[in-house]
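These are my notes from an afternoon with one model. I wrote down what I looked up, in the order I looked it up.

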Amino acid sequence: MNKIFPIFFIIIFFVTPVSSDEKFKLIEISKKLTEPWGMTFVDDNNLLITEKTGGIIRIDMKTGEKFPIEHELDFYYYGQGGLLDILYKDGYVYVSYSEDRNNGSTSTSIARGLYNEKEIIFENIFRAEPPISSGYHFGSRIVIKDNYLYASIGERGGGMIAQDITNHPGSIIRIHTDGTIPKDNPKFIDKPDWLPEVYQIGIRNPQGMYLSPIDGRVYISNHGAKGGDFFGEVKFGENYGWKIIGWGGTNYSGTSIGDGSAWKPGFTKPIWTWTPSIAVCNILIYDGKTHPEWKGDVLVTSLKYRTLYRLDFEDGKVKSQHVVFKDRIGRIRDIEVNSKGEIFLINANSYASLWKLEKF
């Protein structure tokens, strides 16, 4: 039987962003979440959240009550792995997760199941190959554009594996929503040696992805090493260059990545980079009625600096960066918007909450 966790009070923080005199308040909608990672709206009254430790939680947005949804995903909670992103679309729920592939090896896998409020029966539609014994760099966000599912697959700490076209780690993959492979993927057009699911290579640890409601393009955010976090576009058959280049960052030891170049001709160039790293997580390109002045801007969550950034994004270029708020709700893991344009965030703590951002 589903358990109900009542919410007894609401906490409000008042925040003034650095770049504006407009004030916001953060309203705590639900609490006592355990390492939440991804969220998705079923409708404006029901939000699904994954907990890295294994929970799929439905939240009643009117009351803040939490209802667990049963599942039998064979996940492995270790390091950065566990249940990761979640996406509801047309009656189905899609989940990315670190799948236990035996003997401590895991893969970034994607499963799909028909939505049910009590229990979801999932079936894998993608598994990154090969499985790797590592707790690092799973990615892994998912978006759906038309009948295509895009997913960001981390390189698992393997570095140059992101240049190995015979493996999935370190790539953006594109499949149909039922798991079948599109016949217009790079392998079938001009990259015959690539794996059939692979759409783009040379990625490190992409924990953000979003389908822009403005231009219909898919964008990612990606963790660099010591510096070199970036925001960029997903592009057919291209290569972001990891670990030949480090986008302005260095290895954690301080040594250079490759010859130290931030970018080289022939590789995809990020739209915006951060050095030092902000530990960028998910992104959202805004097109809602609640904050019309942000139309087309990119909202960027930061784990390291506990900050929500806003990038003034127009015609494929970032004009400027602004701080919406900083150090109010801890490490920010995910950001989501409902059909009204209202913005919601989750932090990454073991004792975390769901927050709503409102004008004051």
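Entry 1. I began with strand 17, residues 229–233, which is mostly covered: five of its five residues are buried. Buried means under 20% relative accessible area, exposed over 50%, and partly exposed in between, with a 1.4 Å probe and protein chains only. Strands here are DSSP runs of E with at least two residues, numbered from the N terminus. I noted that this is a predicted model, in which local features need pLDDT of at least 70, side-chain atom pairs count only at pLDDT 80 or more, and totals for chains, interfaces and linings use all residues. Residues are numbered from 1 along each chain as its sequence is written, and side-chain values use heavy atoms, with hydrogens and water left out.

Entry 2. I sorted strand 17 by face. D229, F231 and E233 lie on one side and F230 and G232 on the other, and both faces are covered.

Entry 3. Which strands pair with strand 17? Strand 16 (residues 218–223) runs antiparallel to it and is joined by four bridges. Strand 18 (residues 272–274) is also antiparallel to strand 17, with three bridges. Two strands pair if DSSP finds at least two bridges between them. I found N222 bridged to F230 of strand 17, and D229 opposite W274 in strand 18. The hairpin of strand 16 and strand 17 has five residues between the strands, and G227 in the turn has a positive phi of about 95°.

Entry 4. I moved to an open sheet of four strands in the order 3-4-5-6, paired antiparallel. Strand 3 (36–43) and strand 6 stand at the edges with a single partner strand each, so one side of each has no neighbour in the sheet. In strand 6 (residues 66–69), K66 and P68 on one side and F67 and I69 on the other are all buried.

Entry 5. I checked pairs within this sheet. Strand 3 and strand 4 (residues 46–51) share six bridges, and T40 stands opposite L48 in strand 4. Strand 5 (residues 56–60) and strand 6 are held by four bridges; I56 has I69 as its bridge partner. Their hairpin also has five residues between the strands, and G64 there takes a positive phi near 80°.

Entry 6. Is R58 buried or exposed? R58, in strand 5, is buried because its relative accessible area is 9%. Its side chain makes a polar contact of 2.7 Å with that of N46. A polar contact is a pair of N or O atoms within 3.5 Å; within protein, one must be able to donate a hydrogen and the other to accept it, and residues adjacent in sequence count only if both atoms are side-chain atoms.
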